[in-house]
Amino acid sequence: MQLSHSAAGTAGAGNATDRRPTDRRPTGRRRRMLRRSTPMFGWLLAEVVMVMAHRFVPEPRWLMVHLLLLGAVSNAIVVWSGYVTDAILRGSGEHGRQDAAVLGLLNLGAVGVVVGLVADHRPALWTGATLVGLAAVLHAVGLAVRVRTSLPARFTITVRYYLAAGLMLPVGAWLGTRLAALPDADPVHARYLLAHLALNLLGWVGLTVAGTVITLWPTMLRTRADEATVAVGRRAWWLLVPSTVLLAAASLADLRWVAVLAALGYLSGLAVIAAPLARETLAKRPYDFGTWSMLAGLLWWAGCLVALAVGLTTAKDLTTAVEGLHALTGPFAAGFVAQVLFGALSYLLPVVVGGGPSIVRRTTAVVDQAAVARVVLANTAGLAFLLPVPSLVRVTTSLTVYVVMAWTIGVLIATVVTGLRSLRRRAATPPEPPREEDPLIRRRRGQGQLAAAVGVLALLVVAAGVVDPVAVVRSPTSPATRAAADAGAPAGVTPTGHTTTVAVTAADMRFTPATIEVPRGDRLVLEVTNADPKGQSHDLTLANGATSGRLAPGQTATVDAGVIGASLQGWCSVAGHKQMGMTLAITATGAGDATASPGSTGAMGTMDSMGAMGSTGSRAGAERAAGADAVWDRNASPAAGWTAYDPTLPPVGEGTVHQFTFTVREGVREVAPGVTQDAWTFNGTVPGTTLHGRVGDTFEITLVNDGSMGHGIDFHAGSLAPDRPMRTIQPGERLTYRFTATRAGVWMYHCSTMPMSLHIANGMYGAVVIDPPDLPRVDREYLLIQGEQYYGPQGGVADADKIAARTPDAVVFNGYPNQYDRAPLTARIGERIRLWVLDAGPNESLAFHVVGGQFDSVWKEGSWLLRNGRAPSTPGSDTGSGSDTGSGSGGSQTLDLLASQGGFVELSLPEAGHYSVVNHQMTLAERGAHGTLAVTD
């Protein structure tokens, strides 16, 4: 078979040859195809940039998936499905205005979807999704018109795949907009998500690939298409299309077993297609990057579908199944879609550039650079990523996959550039006659690339282990972990040879099941899945040293607990999660359960010793590894260079809309003289940045998680549903939190991630001050936020057991004990001073008092209690009759606040001197809630 202007032609309809197209004319159609491919390359380059900058942009995982699938792949589908359709139907390809309109709508809509989701701008999201759906419908209509106006063709079935795919994208796009409006914790969210994935991934992308591969695969191999290809394509269409629709419908209706049947039906359709493709592959084996990449992508496709069917079958309900299927998004996008796209383009681009055998060979040589190395690196790294390996190894392998993707994108661009340059030079320089490469040289070069790729990946994995050896030693599959698990059985226990396997789910600060009974002598294997609806990471650590390693939501790991000879404890080692009750009790049943394994308790004592909040329960050895808890020496001085937290209330910003970025930072800092802790902060300070505004002002906060674990934020100053803005975001992610201040107060904000007590005590709190209307000016305004410190080991995080027991090591104003004794607040005689006060907790109350002073005005929790020495005459009113004129004789000595409450007091001081500012619960003042107001003449 010989192709001239067509990539697919009548692929496989005639005899194959070993040559690429011989047409030398740089036709206008080819130039149009390359121009229409420009947006696709733009989206691919945006994907590369996103991977490089994912830690600094919002919604990085969503963006990496959608830049590839919605942007690059959708453009490729519109451009190349139309090209293949014209080749099959022997059309002219003159559809310039229609194709340009479709591509314009598609790209404008894709940009709208991306901007709308990232900026949380619903109108942009809806408009973008509508334009994407409209582009897909117009594309399908255009293809249908071409079929009706053309003569019958052998491979018309391929176009019918394209038509079905185009009609599924609008519904899938609409479901995507519904997903954005639903909280992740809503059970309906999971059903909409599966339907969205079914129509967009299995429909729009999957059906397009299925229809293309039956004609393009034999063409790429340069072999005759199997005689049964057309009939097989028709049979598979009737399996794939209804199964996709049924899977989406079953998902929306919450019919799990119907969804299972639909997934099996889709797999059956793939199996039908696979039979002729396998025969063609055996007739002419893959030999270049395009064919190997395409084949690898098809195998990943089948693997993802098998995993989908298994996940739907084994899950207890559809919601749980979808939670476990999040891990398939990466393999589907990078393993299947990207490799099929790159494989097809590696064949199609040299064909479209054309120019005769010499130029085609030159462009083919470019596209085949390091072909074996790229395919092997991408696929071995992808497979390694799916294994239960330490987190740093997963980062290394995923980065390897992305590097190969970027490499391939560069090679494809270089292929087009090389071809176009060769066409321009052809008139001046006669083309060289094509030369066949020695097969032996090709084979040896491929073997060398294979060895190099395996060696490079092995070195990267070893390097990751050297950087983080503890994670490797404690990985679930390491020999050390298995040995530790085996050591959990007391001497004399006879293994039964039987293995008990239990599925454990981590969600909502609980393991399910929380208690597991295992016959004594059985080996216990735990399949641990993080299904946390709030997006938090968890792990399972057993007292014998076995661990799952840190699991992101949707991830699963296997923990081999070894031969069970006695009862055993387990817990989540993420800071504070154990104290929140995230524990697991493994009970050995049968004779001989008198001795508990090291680090465990008896069957009846496990939960009692740990308690729901772990108030005084002992902590795991790993949590104590850093040594004894830090101790604050009251006589010590701060480290050199220490400066006090500025207590001055910042002025109200200009305008009514205030925009801030809050970056979560974690790091060791001095929290008291001689005491360092790994503090978690907003913008690097404790407390975090103070916001100041008026009633009616709008605040737009961009939260960026630059930490090592999940964090969130909760602003008490705004009234809105917490589901989305207060959700936990993972490292590298960001969200936008908008609220309008409708009521006055000094409002607390804090981390919204559980356990909140630990996140607050470890530094994640601050204040939003909203002035009451007509608040008079004063000479000085200060803000004091009371917090509590519970010291863990030097350089460690706060002690969750002490938090639960309510035994703080220090109680502080603005993050540091007694700091305003060292750097006093200042005022002058007769000046009017307003002291804003907030109790951030998490536990202790505040009795705010200025020694030697009396408050003539007190405002607490949105209401005046005393103003200019007069109490409001009407309960709940701001001023009361006559309260603004003159001064009454009333006064106040203490502002009483519970955790998260706030207010302010006003006073003037008649004499110079040093006035102590204290929490009048004196034991707390003696622990650091103490400062000085220095008054001068």
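Guide: The side chains of R832 and E906 meet in a salt bridge, 3.0 Å from N to O. A salt bridge here is a side-chain nitrogen of Lys or Arg within 4 Å of a carboxyl oxygen of Asp or Glu. R832 lies in the loop between β19 and β20 and E906 in strand β25 (residues 902-907), so the pair ties together parts that are 74 residues apart in sequence. Strands are DSSP runs of E with at least two residues, numbered from the N terminus. This is a predicted model, in which local features need pLDDT of at least 70 and side-chain atom pairs count only at pLDDT 80 or more, while totals for chains, interfaces and linings use all residues. Residues are numbered from 1 along each chain as its sequence is written, and side-chain values use heavy atoms, with hydrogens and water left out.

E906 is buried, at 3% relative accessible area, and R832 also counts as buried, at 19%. Buried means under 20%, exposed over 50%, and partly exposed in between, with a 1.4 Å probe and protein chains only.

R832 also meets D856 in a salt bridge, at 2.5 Å from N to O. D856 lies in the loop between β21 (846-850) and β22, and R832 in the loop between β19 (825-828) and β20 (833-841), so this pair ties together parts that are 24 residues apart in sequence. D856 is partly exposed, with 22% relative accessibility.

Salt bridges that share partners join E781, R832, R834, D856 and E906 into one network. The whole structure has twelve salt bridges.

Notes: Helices (H or I, at least four residues) and strands (E, at least two) are DSSP runs, numbered from the N terminus.
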